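Please work through each task before reading its solution.

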Amino acid sequence: MVKLANGLTVILHQDRTVPVVSVNLWYHVGSANEKPGRTGFAHLFEHLMFEGSKHVPEGEFDSLLEGAGGSNNGSTTPDRTNYYEDVPSNALELALFLESDRMGYMLDTMTPERVDGQRDVVKNERRQSYDNQPYGMASLELDSMLYPPGHPYSWPTIGHMEDLTAATHADVVEFFKKYYVPNNASLVVAGDIDLDRAEALVRKWFSEIPGGAPVERPTVPAVRLDTTKRKTIKDRVQLPRIYLAWISPKSFASDEAALDVAASVLAGGKNSRIYKRLVYDTQMAQDVYAFQSGGALSGSFMIVATARPGKSIADLQKAIDEELERLRQQPPDNREIQRAINQIEASFYRQMERVGSYRGKAEQLNAYYFATGEPDYFAKDLARYTALRPADVHAAIKAWLPADRRGGLIGEPEAAK
């Protein structure tokens with residue numbers, strides 16, 4: 001790991017298994033860096049970054065990569081925005097040139113008309129992915145249910161429609177200058193590389209880009225639900241669905257790994273407790289799943305179940321609550337814990353088999369650096385899980401999944417007209 005004079009953190013990893021390289025760039029900015037009334041900027045930039053820069057006209061970014069046999073994509077979360085290019089190893093310099101040009105020279109071509117065009121694209125994406133998607137509004141409702149107004153996780157990553165409309169070209173330029181700078185980014189180059197040559201190429205293409213002002217990370221007081229919140233929304237769906245949600249530990253905090261295992265014990269496969277009871281034994285549910293999701297500021301734990309035709313949400317919730325109470329009263333057995341750990345460990349190694357794309361090694365190195373400051377955190381991360389015992393999971397469930405402090409959202413079919 002090296003740091004350039006302009007503040008860019010560079011992480012190099014050699015893997016000569018196949019002649020492929022992944023260039024994975026994280027900007028340490030997401031929707032949590034926005035402010036009420038001006039949401040959706042980080043996701044808007046995910047789109048704008050593909051619209052051309054000073055030395056790469058609109059449309060050529062994808063054409064050049066595809067011509068070299070590469071692929072690329074990007075994504076935005078509350079905490080970060082990432083972009084990656086997966087290319088044959090002989091096209092490494094092309095990927096670095098393309099990524100550096102939009103870091104250093106995107107404002108040269110970001111006209112008001114281009115912002116307006118991508119603003120409309122994002123608005124349409126929101127309509128397709130949330131407003132008009134079955135159960136699509138649930139995640140937005142749950143965020144506002146768990147987090148108080150003004151909390152960086154209370155608004156959607158894609159932004160509020162009225163905020164997208166209100167954003168000016170000057171607002172967008174200001175946001176870019178503040179956050180899309182080398183000292184607020186980390187770059188991973190992983191795969192079939194010569195380490196010295198790769199570092200030299202990174203320096204060639206990124207060193208001339210000036211750093212920006214220091215970027216402060218968002219900070220908020222710890223969030224706690226003091227009561228049970230409940231809401232029902234109508235949706236254009238055929239089957240009712242229930243969401244139960246709790247505030248939980250942030251990423252890599254104590255108990256986060258234990259809650260990952262708890263989610264697997266509850267709904268991680270055909271033999272898990274809730275899945276077996278609701279889907280197989282009683283056939284009350286069409287599907288059920290659970291997960292722990294940790295962010296940089298906070299986390300959430302979710303259980304989601306969709307009722308079968310003719311089955312009631314009340315019966316689903318009663319069964320889920322009974323299984324949760326069993327786990328609050330008595331720890332899961334060793335077999336359940338070991339099965340969950342085995343699944344998690346297998347998933348770890350599957351991710352490490354590939355260099356690029358989402359969740360490959362390049363992405364994981366960046367994620368570890370962002371969260372812990374150590375890109376090679378893999379062994380420590382896995383050890384969080386393999387060291388767990390039933391008592392650890394039992395304690396985490398009791399501490400974080402109480403019956404009287406959670407959000408409950410029900411999505412019901414609209415009445416027939």
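**Exercise 1. Determine the strand order of the open sheet of 5 strands, and its edges.**

Solution. The order is β7-β11-β8-β10-β9, and the pairing is mixed. Strands are DSSP runs (E, at least two residues), helices likewise (H or I, at least four), numbered from the N terminus; two strands pair if DSSP finds at least two bridges between them. β7 (229-235) and β9 (285-294) each pair on one side only and are thus the edge strands. From one strand to the next, the twist averages 15 degrees.

The model is predicted: local features need pLDDT of at least 70, side-chain atom pairs count only at pLDDT 80 or more, and totals for chains, interfaces and linings use all residues. Residues are numbered from 1 along each chain as its sequence is written, and side-chain values use heavy atoms, leaving out hydrogens and water.

**Exercise 2. Describe how β9 is joined to β10.**

Solution. β9 and β10 (residues 299-307) run antiparallel and are joined by 9 bridges. Valine 288 has alanine 305 in β10 as its bridge partner.

**Exercise 3. Is asparagine 24 buried or exposed?**

Solution. Asparagine 24 belongs to strand β3 (residues 20-27). Asparagine 24 counts as buried because its relative accessibility is 0%; buried means under 20% relative accessible area, exposed over 50%, partly exposed in between (1.4 Å probe, protein chains only). Beyond neighbours within four places in sequence, asparagine 24 is in contact (heavy atoms within 4.5 Å) with residues including Tyr83, Leu187 and Asn366.

Technical notes:
Axes are lines fitted to C-alpha atoms, for helices over the stretch in contact, and angles run from 0 to 180 degrees between N-to-C directions.
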